[in-house]
Amino acid sequence: MTQRLRGVLMPLYAVVTGLILGAVIMAVARYNPWSAYVALFSGAFGNLSAIGTTITYAVPLVLTGLGIALAFRAGLFNIGAEGQYWMGAIVAVWIGYHFAAWPWYIHIPVAALAAMLAGALWGGVIPGLTKAFVGAHEVITTMMLSYIAIFFGHYLLEQGPMMAPGFIPQSPAVTASATIPYAPWLPTLTGGFWITLVVIALTHILLFHTTLGYKLRAVGANAAAARYGGMNVAWFTVLSLGLSGALAGLAGALQMLGVEGQLSDTFSSGYGYTAIVVALLARNNPIGILFSGIFFAALSAGSQSMQIDSGVSPYMTDVITGIIVFFVAADRLYTYVRVRRARPTGAVGEVRA
Amino acid sequence: MSVVGQVFGNPELYASTLAMATPLALPALGGTFSERTGVVNIAMEGNMLVGAFFGVMIAAATHSSWLGLLAGALAGGILSLSLAWAAIRLQADQVVVGMAVNLFAAGITAFLFNTIYGPNGTPPNTPFLPTVTIPGLYQIPFIGPILGQQNVLVYIMLLLVVVSHYVLFHTTLGLRMRAVGEHPEASDTVGINVARLRYLGVFLGGLLAGLGGVFLSIGLLNSFDVGMTDGRGYIALAAMIFGKWTPLGSLGAALLFGFATALSFALQGIGISSNLVAMLPYALTIIALTGLIGRSRPPAADGIPYAPTK
Amino acid sequence: MSTLEIRHLRKAFPGVIANDDVNLLVQSGETHAILGENGAGKSTLIKMISGLYQPDQGEILIDGEARRFDTPRDAIHVGIGVVHQHFMLIPALTVAENVVLGSELSKGRFQRSKTEAAVAEISRSFGLPLDPSARVRDLSVGMQQRIEIVKALYRKVRILILDEPTAVLTPQETRELFVVMRQLKAEGIPIVFISHKLEEVREIADTVTVMRLGKTVQTHPVAGTTSAQLANWMVGRDVVFSDHPPASTGIGDTLLEVDRLTVLDERKVQAVRALTFAVRAGEIYGVAGIDGNGQTELVEAIAGLRPVQSGVIRFQGRSLAKVGVRGRLRAGISYVPQDRQRDGLVLTFTLTENLMLRDLSRPFSRGGFLTRKAARQRAQELLTEFDVRPDNPSALAGSLSGGNQQKVILAREVASRPKLLIAVQPTRGLDVGAIEGIHRQLLRLRDEGNAVLLVSLELEEILALADRIAVMHAGQIITELPRDQADIETIGLAMTGERRAAVTSEEGST
């Protein structure tokens, strides 16, 4: 029970610390932190339309965050979700504009599944195999592959094979048959949100109610014991990184098919990195990820009105995010303050557990 | 002359390579110090950004590019102490903390930039770091334009590579730093202060990465822009790995990656996508890690917190 | 000429008193052995003498002067040199760099050639030839130990402490070490020799202090002792050979056959060499031996965790070559691993989750889905049956005491109704009550007609439980005796590998 309480309290401490230090920085810069936070909040949740926008922002963060959490649960750090997200978007948008004759019930699933496959290959198969067989650290390989994917995307769009006619580096728009509609009663809420809810539920079930998820968690919590339990650690390395990449790919697909409609070279500014933060703050709990995803989406959705209403640079939210992540990782500090003695075990597993 | 000859026969390409390698080599060197003592440092990007910002800010305020240089390097060093504290004292996950530092740095530099300078950006009369011409060398054909005339920080970088190599591999301090990164417990039993050397390694890493940022903001340009490091901290990480955690190797890798960048500019003229060339450093790093061209292995205790038992 | 005196030293950790009223007097120029079983408190004592731990109470005196060591540096400074059981060497550095690390010739430039010359000079003058420019990672274990000794000599050691130095050595290397030790003694350097091997103590030491359960129980000149006497002090007089459980009654068919098995360790060295033996139903087959003689590799090969280089393992007549970990479990082979926290349990998982670690079949899951309620119920039954405290299926494994953790592992392994249970060091670090409970379980399994393969470094445990006793040395079984022919001296001597010629065993074809 205390364990569960700790799981909720520690991230809360980190959030509060981030908000307080953010307020201090704003105060030093002669802004009124209170009015800035009020503007931030009302920008994100002030009315139904704003809530819809915030949730739409949250969708790729939550999906990618779920993937990253799956990898963390298996003891792996997928730091390159950004590139897997790009790969998913590239594949989804290509299928989305290329096969105009398909009916929607084939077009959308095929585009989404192909995007997941692309993300899985990029995030899982290459880093997973190199980790399992030559011991190359997945933090480095996923990061490097991520950059390759992003440059690949830019290559396709900037005078490349996927550039739409004209001078703007962007792809053609996906056809109506591949478009996921917004909610008719709330035109700012993407239809991808419903898919996201389903994926959250499926991830939760996978992790906590199936033997596969049990094994995956066992591998992550203690690889030696998992081996002794008869589990193939190499296979779970590939599998969990693959699932992780697939979810990032799905996030890219939903962003293309349900929000942006076409790929441009300004696509994604660090969603893949924010998603790591989303997973960490939720301590890799799928349901928690919904809330932490919405929290970080609210920070960016509200930052514009924070600027308009109180003049604070929208980048302030990045500062706050950085501080929160710092204190999530350094959570020993809170224990430390209370007990005034460090615990004997390393912190690495803890952040990831 | 053929197109290839035009591209590769032009000394400008190589001069540009050296300039492009500098903001990679400096943080790669910094990362080498940090990781050699056992602290994984993916915060080079953030250290560079604060270096770039405070370099411009102090240079503009004092009208001295040298004070800007000093301030930028120090800013990188000071920011990196937060990583050091979390990694060493709190035994936090170093990759996560490094990411936090990068996020924070991106946010705080952009915030300060907007808040202090507003929409007009940094003052146009901010001083540069000077470009130096070495008289005798500059006159030599082909070599001269490459090595004889560069920004002063390029020469400082080359000097720092040599000094770092000497410190790491030919001094007692360097021996101890490497020992701490390989086997902290063994170092502890012979009376070496593990935490102190790790702080030093991370701090030096921050200083050097900050200097790399300074080169971008008041070396190549005289202004700051939001996110101007543009992932160079991560390429530097790749250069450090590709260079097998050594100063000379880091320089070599930085030169290779710098060449790729310089080449991509040159090739744009003849219609080859710069984006494809830009993938090269990352692809090479993965190949280096998988052992296809000489396996690259990190220091044994890299990234592992050391908790002495009492 | 220095002396080391320890007075009433005490060190407690949460839940354990590791050292209590430890007293020791090491005279100048003597080799003083500290003898004790694993867990008797020898390592804690060494860590306090070397400044890694600080004592809670008591004094350490060097040449009659009380000293306090806050850090290892303080201990080095007064001339205490420790060769740890796990070498404190840096594989990536050279011999010379390792030797001088922390006490380099100068602060600025690292004077490589001067350093190497100094190291060569020391190693030569003490008869310990070394190549100062070689990388440590390329050297053998014996060479590495030599570096550790040179490291101490370089630091002008006044008292040399060797922590279980022979545990990792081959017999030849051990002999070489003893030559070096005699030479150091001739130089007047007092040596503290920590060991749990009686014969070695008798061979090399002048005086012996015996530790048991964290206390020093006896100090005696070696000359006037016998091995039996030392053994009795070590384990407590009345434990040995008393309280024998009834021997096996019904020996059945052969269950496990190991035939000319060869297995490699991590360094690709043959750890098990063409080893042959068989275990039958209804018996406890005990494997005794000094740590590091291939026991771990043998057991892991049988459990399916380590590849076999050559030879065959058969279970109930069927080769296991193509059977994985789970397949072996299903065939009826259970395994209690040596390191319960590293291999046996997932400490951040609940007890229920740990109880299904090796076998996820019903009632723990159905059709790929976990069946939480049934699993919990089953876990509750097992916890109650095996008397685990707390018997709460939702408790985290990491929150249990060592004894209860071991009971959880045993519950899981016994619950799968094994025909063969492999247990490695099943009672290591446990208190008396827990040990008894676990021994009862092993005996019960045997009496129900199953086989137990018991591997232990505690000779007493083997003698108390096993129906047949094998001694492993250097990757081979060199002695195999029925219990009624075994005694602690025969077995103890065999563990050193010396009785090899005299033994008529099933060594067979090697």
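Colleague: What are the ground rules here?
Modeller: The model is predicted: local features need pLDDT of at least 70, side-chain atom pairs count only at pLDDT 80 or more, and totals for chains, interfaces and linings use all residues. Residues are numbered from 1 along each chain as its sequence is written, chains are lettered from A and ligands numbered from 1 in the order written, and side-chain values use heavy atoms, without hydrogens and water.

Colleague: In what order do the six strands of the open sheet in chain C run?
Modeller: The order is β6-β7-β8-β3-β9-β10, with mixed pairing. Strands are DSSP runs of E, at least two residues, and helices are runs of H or I, at least four, numbered from the N terminus. Two strands pair if DSSP finds at least two bridges between them.

Colleague: Which strands are at the edges?
Modeller: β6 (80–83) and β10 (215–221) of chain C, each pairing on one side only.

Colleague: In which sense do β3 and β8 of chain C pair?
Modeller: Parallel, over five bridges. C:T31 has C:I191 in β8(C) as its bridge partner.

Colleague: How are strands held together in general?
Modeller: Strands of a sheet pair through backbone hydrogen bonds, either parallel or antiparallel.

Colleague: Which strands does helix α5 of chain C lie across?
Modeller: Helix α5 (residues 141–154) lies across β6 and β7 (159–163) of chain C. Its angle to β6(C) is about 175°. Axes are lines fitted to C-alpha atoms, for helices over the stretch in contact, and angles run from 0 to 180 degrees between N-to-C directions. Contact means heavy atoms within 4.5 Å.

Colleague: Now the four-stranded sheet. What's its order?
Modeller: β2-β1-β4-β5 of chain C, open and antiparallel. β2 (16–26) and β5 (65–67) each have a single partner strand, so one side of each has no neighbour in the sheet. Seven bridges join β1 (residues 4–13) to β2(C).

Colleague: Switching to chain B. Is helix α11 largely enclosed or exposed, and why?
Modeller: Largely enclosed, because 19 of its 27 residues are buried. Buried means under 20% relative accessible area, exposed over 50%, partly exposed in between (1.4 Å probe, protein chains only).

Colleague: Where is its kink centred?
Modeller: On B:V214, and the kink in α11(B) is about 30°. The bend at a residue is the angle between axes fitted to the seven residues ending there and the seven starting there.

Colleague: Last one. Is C:N404 buried or exposed?
Modeller: C:N404 is buried, at 12% relative accessible area. C:N404 sits in helix α14 (residues 402–415) of chain C.
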